[in-house]
Amino acid sequence: MSTALSQKSHANGRSVLISGASIAGPALAYWLHRYGFAVTIIERAGAVRGGGYPIDLRGNAMEVADRMGLSAPLEEAHIDSRLVTFVDDSGKPMVSVRPEVITGGRIGRDVELPRGRLTTLLYELTRNTVSYRFNSSIAALTETEHGVDVSFDDGTHGRFDLVIGADGLHSNTRKLVFGPEHLFDRNIGFCFAGFELPNTFGISHEGVIANRPGQMVTLYAPGNSERVHVFFNLAHPPLTSEQGRDQVYQRKLVTEAFADWGWLVPDLLRALAVADDLYFDEIKQIKMPQYSQGRIALVGDAAYAPSFLTGTGTSLGLVGAYVLASELALHADHGAAFAAYERVVRPFVAANHGILEEGLASIIPLTHEAIDQRNRALTTAAATSAEAPSAAGRIEHSMLDLSGYLSISAQ
Ligand SMILES: Cc1cc2nc3c(=O)[nH]c(=O)nc-3n(C[C@H](O)[C@H](O)[C@H](O)COP(=O)(O)OP(=O)(O)OC[C@H]3O[C@@H](n4cnc5c(N)ncnc54)[C@H](O)[C@@H]3O)c2cc1C
């Protein structure tokens, strides 16, 4: 990264197509536009999706959000979770902790908000300066010496200097350019089912987690929301593509796996049977040997999804987008920019991917002994953090020095 006092962007009006309008895509678009690129974003869905499960912004990602002028709206949207209670499979409380004891977040600095709220903020920030095309997906792309020729699934075509895939865990761009997902994923052998229910549980600003070895049921009440997020996690070998699409199979799988649980689980399973917002997927990480090829690069979950057990996917997406845009501004040659992007971001990604094992051990322990051990460790951690709350947060969240990018100005 260059650290010159003032650095002019090399954008020269270069055109960039971004696939995916969730977090990494619009964040990248924001910075590219600011540095002088002409940006088009396509999104498969008909609109930017609001609502959704809570996500976190931590460490370096908060720095980037500040530079985008998002501090105030993020603070306003912060749902301020205050408690996570672990219960046994009959609902008996075992230990309660502040969420930061598990996540390593910083109280009063990091934020947690519904994913759709962040997506909407990023969309509002870019909608007047970036060209958005909804209901659109890349059907094929061919790189030439002068650009990338793109065919869209509505039959239209375009040529762009660069194409960036920000289309998530199951990235279409990755598949088209690098190959099928199974070549790049690390499947840890778990899947999850999530849906929402009216909040009739009397909980707010908190999560309740019940474990059996290799199984977890979570109720999560973001802020004072009238809705509660329900998650079931269970061990499962990699899904076949048929199982991945088949909601009848998925509902049956979860219902049978949790059939002999007590507590609220029988009611939750009845709700699962009729949930019209069921979200089912595997817990995976994406590990790419390289983040770019020629004029095409990946960012966010498409390039390095860390899995929700790390709680860092959103932060990696926001920081990755900022670094990628900044390096493109600093280098006239896209190959040099992509190489610099990867050099800066890869160690950050690796460190945050490394949190997965801890997440798995603390959220879904695999044996009764491991559950007891986790509960004992959390009891001690809760006592320690109550005496001396940590203001620093996890080192992995803040390990990048992004100061060198502050001096980039649009051309
Ligand atoms: C249940 C759950 C809980 C999570 N909890 C947390 C958490 O606590 N903290 C955290 O930091 N992260 C969490 N995450 C992860 C977080 O949601 C992701 O890391 C983050 O959303 C990644 O952003 P992204 O922009 O890279 O990709 P995504 O948010 O996945 O967005 C990809 C976008 O691309 C679009 N798209 C897909 N295919 C195409 C196509 N063919 N053409 C055009 N557009 C396409 C999609 O519609 C979507 O808008 C969680 C994820 C899940 C599923």
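Modeller: Lys and Arg count as positive here, Asp and Glu as negative, and His and the chain ends are left out. The model is predicted.

Colleague: How far apart are the mean positions of the positive and negative charges of the protein?

Modeller: The protein carries 34 positive and 45 negative charges. Take the mean position of each set.

Colleague: Which radius of gyration does the protein have, and why does it count as compact as a globular protein of its length?

Modeller: The protein is built with 14 helices and 20 strands. For 411 residues the globule rule gives 22 Å, and the protein comes close to that value, so it is as compact as a globular protein of that length. Its C-alpha trace spans about 65 × 50 × 35 Å along the principal axes. The radius of gyration is 22 Å.

Colleague: What share of the contacts between residues at least 6 apart in sequence joins residues at least 24 apart?

Modeller: Contact means heavy atoms within 4.5 Å. Count the pairs at least 6 apart in sequence, then keep those at least 24 apart. The share is 73%.

Colleague: Why is α11 described as largely enclosed, and how many of its residues are buried?

Modeller: Helix α11 covers residues 313–330 and reaches 25 Å from its first C-alpha to its last, close to the expected 26 Å. Buried means under 20% relative accessible area. The helix is largely enclosed by the rest of the structure because the buried residues number 17 of 18.

Colleague: Is H205 buried or exposed?

Modeller: H205 is not a glycine, yet its phi is positive, about 55 degrees. It sits in the loop between β13 and β14. Its relative accessible area is 12%, so H205 is buried.

Colleague: How does W263 count at its relative accessibility?

Modeller: W263 also is not a glycine and has a positive phi of about 55 degrees. Its loop lies between α8 and α9. The relative accessibility is 25%, so W263 counts as partly exposed.

Colleague: What distance separates the C-alpha atoms of Y341 and S292?

Modeller: Y341 lies in helix α12 and is buried at 0% relative accessibility. Beyond its neighbours within four places in sequence, Y341 has contacts including Y291, L298 and E327. S292 is 49 residues from Y341 along the chain. Their C-alpha separation is 9.6 Å.

Technical notes
Residues numbered from 1 in each chain as written. Predicted model: local features only at pLDDT ≥ 70, side-chain atom pairs only at ≥ 80, totals over all residues. Heavy atoms only, no water. Helix = DSSP H or I, 4+ residues; strand = E, 2+ residues; numbered from the N terminus. Rg over C-alpha atoms; globule rule 2.2 N^0.38 Å. Charge placed at Lys NZ, Arg CZ, Asp CG, Glu CD. Expected span 1.5 Å × (residues − 1). Buried < 20%, exposed > 50% of the residue type's maximum accessible area, 1.4 Å probe, protein only.
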